[in-house]
Amino acid sequence: MIEIRLPNDVSAPGAARKAMGDLSALVDDPVFDDILLLVSELVTNGVRHTGQGASGWVDLAVRWTRGGVRVEVTDPGPGFGEVREPTIYQESGWGLFLVEQVSTRWGVDRSGGNTVWFEIDCPVRVA
């Protein structure tokens with residue numbers, strides 16, 4: 001299990017990716033790369049769209065079993081409305097679209113802040 005509170009600044013996505021290091025030995029490289037991409041997208045969304053300022057935070061929680069990985073990114077922001085499919089002309093706005101396309105399941109829990117979670121079914125090498 002990985003649990004970390006990240007600062008609400010541009011360093012958060014990189015710190016989140018670094019915190020995922022323990023998982024790299026437990027899943028195959030392509031799956032790990034997908035997880036890193038989605039973690040980066042969700043943490044970036046948490047930093048960019050919550051309006052918290054420098055004193056804010058984003059929490060990252062990662063859990064795994066033999067059958068897969070679950071990631072939760074929580075912030076105290078108000079959440080978001082309808083997720084729209086981005087157009088090829090957009091430079092941003094791809095995060096939740098990628099989560100939807102790459103993960104096995106995903107969703108939002110708005111109790112106690114705004115938590116966006118995803119799960120990827122995959123073999124995990126656990127002791």
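Guide: Let us start with strand 5, which is mostly covered: seven of its eight residues are buried. Buried means under 20% relative accessible area, exposed over 50%, and partly exposed in between (1.4 Å probe, protein chains only). Helices (H or I, at least four residues) and strands (E, at least two) are DSSP runs, numbered from the N terminus. This is a predicted model, in which local features need pLDDT of at least 70 and side-chain atom pairs count only at pLDDT 80 or more, while totals for chains, interfaces and linings use all residues. Residues are numbered from 1 along each chain as its sequence is written, and side-chain values use heavy atoms, with hydrogens and water left out.

Visitor: Which strands pair with strand 5, and over how many bridges?

Guide: Strands of a sheet pair through backbone hydrogen bonds, either parallel or antiparallel. Here two strands pair if DSSP finds at least two bridges between them. Strand 3 is joined to strand 5 by eight bridges, and the two run antiparallel; R70 stands opposite E119 in strand 5. Strand 4 (105-109) also pairs with strand 5 in the antiparallel sense, over five bridges, and W106 has F118 as its bridge partner in strand 5. The hairpin of strand 4 and strand 5 has four residues between the strands, and G112 takes a positive phi near 75 degrees there.

Visitor: What is the order of the strands in the sheet?

Guide: The open sheet of five strands has the order 1-2-3-5-4, with antiparallel pairing. Strand 1 and strand 4 stand at the edges with a single partner strand each, so one side of each is left without a neighbour in the sheet. Seven bridges join strand 2 to strand 3, and A61 has E72 as its bridge partner in strand 3.

Visitor: Which residues have the most contacts inside the largest nonpolar core?

Guide: In soluble globular proteins, nonpolar side chains tend to be buried together. A nonpolar core is a set of buried Ala, Val, Leu, Ile, Met, Phe, Trp, Tyr and Cys residues joined through side-chain atoms within 4.5 Å. The largest one has 30 residues, and M20 and I35 have the most contacts inside it. Helix 2 gives the most to this core, with nine residues. Contact means heavy atoms within 4.5 Å; leaving aside neighbours within four places in sequence, I35 is in contact with M20, L23, V69, V71, F118 and I120.

Visitor: Where do the buried residues of helix 3 pack?

Guide: These residues are G95, L96, F97 and V99. The buried residues of helix 3 pack against helix 2, strand 4 and strand 5.
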